[in-house]
Amino acid sequence: MRLSSVIKRALFQNRLKYLTEVKNRYPEITNPDMIVKRQMERFNQIWGYCYRTLPFYQGWKEFHHLPERIDQISDLKGFPVLTKKVIQENQDRIFQQGRIKKWVSTGGSTGNPTKFPSDPQDALLTYADLYTGRSWWGIQPLDVSLLFWGHSHLFGSGIKGHLKNYKRKLSDFFLNAHRLNAYDMTVDTLKKYYEVYRRSNPAFILGYTSCVYKLAKYIEENQLDQGEKNRLKAVIVTSETVTQNDVALLRKVFSVPVVVEYGMAETGVIGYSYRETWAIKIFWDSFLARIGEDGVFLVSTLSNRFFPLINYDTNDVVTVKRMHESSVLEISSIQGRKSEALKIGTIQRSYLELSGILVVHILKAYPHIFSIQFEQLNSCRIRIHLVADRILDLNEVKRYFMKELGKDYKGVDVDCVEILQAKSLLKTLAGKEGLMCLK
């Protein structure tokens, strides 16, 4: 017997109360000058906490001769960029020689997961930002959801692992969530997931871009009936790069808005689509975002997180939609990681640089292809891995790819491109299907 919504809301009373407080801040403060003023105040408070109480930032401030406060956001240009590599190299100081026992870990999309100190307060802060963004699309806490997610490896084995898994299932029950395994996205499994989608009639679908895309493509190519969809409000894609082609297919199949949820394990959610897919509003009350000298997206956490991140390198390249006094308030797209760029040889014995997203953009339009991954073999050759629901004529796929690529890039050497078909693609530890194939 299902618990009533009244009882469930009582269980989450504190979360819902805090969520209301956070949601109200955004309509109350809309003037850009006021937003930046609040960000400055919050940054100086958080930075003061960092260098006064956290050993890592005490040494960071001293080594880099950093000021105790900043007077304008552009002063952050004088701060060093905090990277995952720095976090990895300073684990002892950051975790205070083992005294800190709780952490979050990145999914290891670069091949090397990184641990960041965390506590339950961080989860509450992320929850409030998540449902603030979702509220912009009419989604409320406890709405029925269909989730594609991984992370089961983090539970471990033995009794503790089983208890954590049981706790996750109990939490999903309370939250009205139907969780599907993002690690298993074979064509046979998609049939089962489609049936869960039909039965659950969710208010929203949420998951890695590649997973949600595969479900949509499976429905479209098999011309499947979706049954009752009277509750579906939005499809939310997250954690992986999303392209215009992805959004077009999702809109066509599900007939609801497509929403981008932008964030990462170490920061929580940073921004959410607002009114349209490609207007991703930064949660300016929780993050101060800037563009670094090399064009990368930098964030500083403004909320009371256990281990704040100051001038942190997200490794993402973004397109800015709205900025005020060097504070990024809205972005129009996340173009991908700096590392997801390719060099490909030309018939003139030179090479071109192109975005890995272009490879995905071209091949996702080809019939029956569900997933694409690529790897740089050497300085000018690439190998593309494909997953499809049937055996493909790879010579025909390559001809198509080279023809489409030639519309933007002339003189590419056909011998510098290799295409293979696989049953599945390599995933990160978190279950993400990264574009770059790291072996």
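**Entry 1: α9 and α10**

I started with two helices in this predicted model, α9 (residues 187-200) and α10 (residues 209-221). Their axes come within 10 Å and cross at roughly 90°. That angle makes α9 roughly perpendicular to α10, because anything from 65 to 115 degrees gets that label.

Next I looked up who touches whom. From α9 I noted V187, L190, K191, Y193, Y194 and Y197. Their partners in α10 are K214, L215, Y218 and I219. Sorted by class, this contact has eight nonpolar residues, two charged ones and no polar ones.

**Entry 2: α2 and α7**

Then I picked another pair of helices, α2 (residues 13-28) and α7 (residues 120-135). I got an axis distance within 9 Å and a crossing of roughly 55°. So α2 is oblique to α7. I also wrote down the handedness: α2 passes α7 in a right-handed crossing.

On the α2 side I listed R15, L16, Y18, L19, V22, K23 and Y26. On the α7 side I found L124, L125, Y127, A128, D129, Y131, T132 and S135. By class, I have ten nonpolar, two polar and three charged residues in this contact.

Reminder to myself: two packed helices are described by the angle between their axes and the distance between the axes.

**Entry 3: R134, still in α7**

I stayed in helix α7 and clicked on R134. Is R134 buried or exposed? R134 has a relative accessible area of 6%, so it counts as buried, the cut-off being under 20%.

I wanted to know what R134 touches once residues up to four places away in sequence are left out. My list reads I139, F204, L206, I236, E261 and Y272. I also checked R134 against V259, which sits 125 residues away along the chain. Their C-alpha atoms are separated by 8.8 Å.

Most residues other than glycine have a negative phi, so I went looking for exceptions.

N201 is one of them: its phi is positive, about 45°, and it is not a glycine.

E325 is found in the loop between β12 (312-324) and β13 (327-337).

**Entry 4: the cores**

Which residues touch the most other members of the largest nonpolar core? I got Y57, F148, F254 and F297, out of 103 residues in that core. Helix α3 (residues 32-53) supplies the largest share, eight residues.

I found a second, separate core too, with 25 residues. Among them are L363, L392, V397 and F401.

**Entry 5: the whole chain**

Last, I zoomed out. I counted 13 helices and 18 strands in the protein chain. Of its 439 residues, 51% count as buried.

I finished with contacts between residues at least 6 apart in sequence. Of those, 66% join residues at least 24 apart. My R134 and V259 pair came back to mind here, at 125 residues apart along the chain.

Methods: Residues are numbered from 1 along each chain as its sequence is written. This is a predicted model: local features need pLDDT of at least 70, side-chain atom pairs count only at pLDDT 80 or more; totals for chains, interfaces and linings use all residues. Side-chain values use heavy atoms; hydrogens and water are left out. Axes are lines fitted to C-alpha atoms, for helices over the stretch in contact, and angles run from 0 to 180 degrees between N-to-C directions. Helices (H or I, at least four residues) and strands (E, at least two) are DSSP runs, numbered from the N terminus. Angles under 35 degrees count as roughly parallel, over 145 as roughly antiparallel, 65 to 115 as roughly perpendicular and the rest as oblique. A crossing is left-handed if the near helix is turned anticlockwise from the far one by less than a right angle, and right-handed if clockwise. Contact means heavy atoms within 4.5 Å. Ala, Val, Leu, Ile, Met, Phe, Trp, Tyr, Cys and Pro count as nonpolar, Asp, Glu, Lys and Arg as charged, and the others, Gly among them, as polar. A nonpolar core is a set of buried Ala, Val, Leu, Ile, Met, Phe, Trp, Tyr and Cys residues joined through side-chain atoms within 4.5 Å. Buried means under 20% relative accessible area, exposed over 50%, partly exposed in between (1.4 Å probe, protein chains only).
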